Each structure stands twice: as C-alpha cells, then as structure tokens.
Amino acid sequence: MNPVVIAVAITGSVPRKSDNPAVPVTPAEQIESTHEAFEAGASLVHIHVRNPDETPSSDPALFAQVQEGVRKHCPGMIVQFSTGGRGRDQAARGSALYLRPDMASLSTGSVNFPTIIYENAPSLVSDLATKMQAGGIRPEIEIFDLSHLHGAKRLVEAGLMHDKPHVQFVMGVKNALPAEEHLLDILLGELRRVLPHATWTAAGIGAGQARVMQWALARGADAVRTGLEDNIRITKERLAASNAELVRLAADAAAAAGRRPATAAEARALLSIA
Ligand code: ZN
C-alpha cells in the first residue's frame with residue numbers, strides 16, 4: 001500500500017475549550033496531544049499557539065516550546081508553523097520563522113472568511129516567502145481561492161519559492177470555497193497546469209472533513225489533513241475525544257482507499273524535507 005502523510009492541525013485559532021475541552025491550548029497540552037496523534041499515525045503537525053486566555057498568539061517563545069517538545073517526543077515528525085492571520089498582528093505572523101520549523105503555512109492571497117476579510121497583502125506574502133526561503137523552510141501553500149494558485153506561481157517566477165511547493169486546498173470555509181467534489185477537480189487541474197511538480201493535500205472544514213479527505217485519497221493525494229483546528233466533531237451529536245481520535249479515522253479512511261499512514265521518515269521523503 002502506498003503511504004499517505006496524515007497531517008494533524010491540533011489547535012487552530014478558532015475553537016475554544018468551551019467548544020471542545022479536548023482542544024489543546026497550553027504548550028504542554030499541545031505536545032501531549034501531538035504525541036498521541038503521532039502514535040495514531042500522524043507524521044506532520046500544524047501548529048498555532050495561544051495566549052493563556054485562549055486567544056491566538058504569535059509569541060515565538062510558545063512556538064519554540066511546542067517545537068522542542070514535539071522534536072523530543074515524536075522523533076522525525078514534520079513540524080509546521082502557521083503564519084495564518086486570524087486574530088494575529090500582521091507584522092508578527094512571521095516572527096517565529098527564525099526557529100526554522102520544517103514547514104510553514106503560506107497564504108498567497110486574500111479571501112473572505114465567515115466574519116472577516118483574511119488579508120494577505122502582496123508585500124506580506126513576499127516577506128513571508130522570503131523568510132521561509134532564507135530559513136530553508138518548506139512552504140505549504142494554502143489555497144482558499146483559485147487565484148491563490150497563481151499567487152504561488154508568481155512567487156516561483158520571482159525566485160522566492162522552489163517550483164515544488166506543498167499545496168493545500170482548503171474547502172468548506174464559509175464565504176470561500178465550498179466543499180464540492182467537482183471544485184477539487186478544477187483546482188487540481190489548474191495545479192497540474194501551473195505548478196506541475198507540487199505535492200498536494202486538501203482540508204475539509206467542519207462537517208466536510210471526512211468527505212474532502214475521501215475525495216483527496218481517491219485522487220492520490222500526497223497527504224490528508226485532520227485535527228481539531230478544522231473539525232471538533234465525530235458526528236453531529238458527538239464531539240471528538242482528541243486529535244488522536246480524528247487521526248485514527250483518517251488512518252481508517254486511508255486504509256479504505258488502499259493507503260496506509262506514512263512513517264515520519266516516509267513523510268519527509270514524500271514532501272522532500274531533509
Ligand atoms: Zn492553521
């Protein structure tokens with residue numbers, strides 16, 4: 001069976017403990033939750049950090065603590081920092097990149113989110129891409145709209161990014177791309193045209209998580225994404241008990257598609273990370 005990278009987005013910037021008590025917020029909770037997810041088959045962790053009051057933070061000291069704990073307890077697991085914008089000061093979004101995580105998320109355009117404009121001005125996009133390139137950090141390009149693929153292509157053309165980035169299609173964010181299967185085909189077709197060497201994955205938000213994962217697996221995605229950042233429920237009635245429970249569901253979905261969770265070493269080879 002071909003391995004598939006299971007990425008776990010453990011915290012995000014939106015869900016609070018009042019939404020699901022399993023959302024890890026402190027670095028200690030985040031390290032423990034990541035370790036459980038790693039044991040369940042996750043090989044990549046996507047990290048946001050939070051202030052003690054659970055609001056989103058950009059504090060490099062928090063990113064450093066989580067990275068150190070993950071590297072210690074989850075050998076080889078790919079560490080990916082979020083540079084996402086929700087609730088964070090624009091100027092601070094790249095402030096933890098000097099810590100040189102393996103990967104970082106990079107949005108290449110703006111889009112409407114449920115209640116705000118997710119702003120990614122051209123100058124910010126180039127600045128973050130420049131920092132990632134200087135630090136040898138592999139970008140994961142977040143695609144909330146078709147135009148963002150072309151934003152990524154422009155970075156390649158400007159020499160600010162390798163021509164083999166990792167690309168994530170994000171579907172099911174209200175006011176952005178809906179979670180519809182034919183849209184994934186359109187996005188993938190355009191990816192093949194403009195960034196033919198890219199690896200790819202797709203994230204379904206909320207109730208779309210399992211569906212989008214199935215569509216991605218059916219199309220041979222290099223990775224799938226799960227975790228409490230995107231979805232806090234197992235069913236409409238039941239909250240997820242942990243990130244690990246969501247990872248186990250992802251491993252089951254992979255098996256149903258004839259795939260198996262990649263080990264950390266396989267994940268690094270698949271995503272070209274040393
Ligand atoms: Zn995120």
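Here is a quick tour of this chain, from its overall build down to a few single residues.

What you're looking at is a predicted model, where local features need pLDDT of at least 70, side-chain atom pairs count only at pLDDT 80 or more, and totals for chains, interfaces and linings use all residues. Residues are numbered from 1 along each chain as its sequence is written. The chain holds eight helices and 13 strands; these are DSSP runs numbered from the N terminus, with helices being H or I of at least four residues and strands being E of at least two.

**Overall build**

- Along its principal axes, the C-alpha trace spans about 45 × 40 × 40 Å.
- Of the 274 residues, 51% are buried. Buried means 20 or more other C-beta atoms within 10 Å of a residue's own, exposed means 12 or fewer, and partly exposed is in between, with C-beta atoms placed from the backbone.
- Among contacts with a separation of 6 or more, 73% link residues 24 or more positions apart. A contact here means that two C-beta atoms, placed from the backbone, lie within 7 Å.

**Helices α1 and α7**

- The axes of α1 (residues 27-40) and α7 (residues 243-256) come within 8 Å and cross at roughly 20 degrees. Axes are lines fitted to C-alpha atoms, for helices over the stretch in contact, and angles run from 0 to 180 degrees between N-to-C directions.
- The two helices are therefore roughly parallel (angles under 35 degrees count as roughly parallel, over 145 as roughly antiparallel, 65 to 115 as roughly perpendicular and the rest as oblique).
- Their crossing is right-handed, the term for a near helix turned clockwise from the far one by less than a right angle, with anticlockwise being left-handed.
- On the α1 side, Ser-33, Glu-36, Ala-37 and Ala-40 make the contact, and α7 brings Asn-243, Ala-244, Val-247, Arg-248 and Ala-251.
- By class, that gives five nonpolar, two polar and two charged residues. Ala, Val, Leu, Ile, Met, Phe, Trp, Tyr, Cys and Pro count as nonpolar, Asp, Glu, Lys and Arg as charged, and the others, Gly among them, as polar.

**Helices α4 and α5**

- The axes of α4 (residues 146-157) and α5 (residues 181-194) come within 10 Å, crossing at roughly 15 degrees. That makes α4 roughly parallel to α5.
- This crossing is right-handed.
- Leu-146, Leu-149, His-150 and Lys-153 of α4 meet Leu-187, Glu-190, Leu-191 and Val-194 of α5. Five of these residues are nonpolar, one is polar and two are charged.

**Positive phi in two loops**

- Most residues other than glycine have a negative phi.
- Glu-54 has a positive phi, near 80 degrees, and sits in the loop between β3 (49-50) and β4 (56-57). Glu-54 is partly exposed, with 16 other C-beta atoms within 10 Å.
- Asn-175 also has a positive phi, about 80 degrees, in the loop between β10 (166-171) and α5. With 14 C-beta neighbours inside 10 Å, Asn-175 is partly exposed.

- Val-212 lies in helix α6 (residues 209-218) and is buried, with 26 C-beta neighbours inside 10 Å.
- Leaving out residues up to four places away in sequence, Val-212 touches Met-171, Gly-172, Ala-179, Ala-202, Ala-203 and Gly-204.
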